[in-house]
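Hi everyone, thanks for coming. Let me put today's protein on the screen, and then I'll walk you through it.

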Amino acid sequence: MLVDHETLQKIAHLSRLNIRPEEEIELLNSLNGVLTWMEQLNEVDTTGVEPLMHISPDLNVLREDIVANHLPREQALANAPQHEGPFFQVPKVLE
């Protein structure tokens, strides 16, 4: 499968990309190179190979969620540049 100018424009439109005319040739070559490489993968014999869902066989390797006071509030606020009562003060982000 080769990507032509029209297909590239459709992909760009769907992706909401503005492609400059001087970029088209390079993008077409890159896309066609990737698709050619992907077509080579179809030639690989995968008989008897089960589909892979995850690279790692480990599932849900998480620590136990235990509620604890690791850092007392006073100690945390002592390191804060600004605080008011038991709360951190941060600069306003939204107007």
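Let's start with Met38, which is found in helix 2, residues 21-41; helices here are DSSP runs of H or I with at least four residues, strands are runs of E with at least two, and both are numbered from the N terminus. Before I go on, a word on the source: this is a predicted model, where local features need pLDDT of at least 70, side-chain atom pairs count only at pLDDT 80 or more, and totals for chains, interfaces and linings use all residues. Residues are numbered from 1 along each chain as its sequence is written, and side-chain values use heavy atoms, with hydrogens and water left out.

Back to Met38: its relative accessible area is 41%, so it counts as partly exposed, where buried means under 20%, exposed over 50%, and partly exposed in between, with a 1.4 Å probe and protein chains only. Met38 belongs to a nonpolar surface patch of about 490 Å², together with Val34, Trp37, Leu41 and Val44. For such patches, residues need over 30% relative accessible area and no salt bridge, and nonpolar side chains (Val, Leu, Ile, Met, Phe, Trp, Tyr) are joined within 5 Å. A salt bridge is a side-chain nitrogen of Lys or Arg within 4 Å of a carboxyl oxygen of Asp or Glu, and the areas come from the Shrake-Rupley method with a 1.4 Å probe.

Leaving aside neighbours within four places in sequence, Asn32 is in contact with Met1, Leu2 and Val3, contact being heavy atoms within 4.5 Å.

Val3 also turns up in the largest nonpolar core, with Leu8, Ala12, Ile19 and Leu28; a core here is a set of buried Ala, Val, Leu, Ile, Met, Phe, Trp, Tyr and Cys residues joined through side-chain atoms within 4.5 Å. Not counting residues up to four places away, Leu28 touches Val3, Asp4, His5 and Leu8.

Now look at the loop between helix 1 (5-14) and helix 2, where you'll find Arg16. Arg16 isn't a glycine, yet its phi is positive, about 60 degrees. With 66% relative accessibility, Arg16 is exposed.

Finally, let's zoom out. The protein has three helices and two strands, in the order α-α-α-β-β. Its radius of gyration is 27 Å, whereas a compact globule of 95 residues would have one near 12 Å; the radius is taken over C-alpha atoms, and the globule rule is 2.2 Å times the number of residues to the power 0.38. Buried residues make up 11% of the 95.

Terms used. Patch = residues over 30% accessible without salt bridge, like charges linked within 9 Å, V, L, I, M, F, W, Y side chains within 5 Å.
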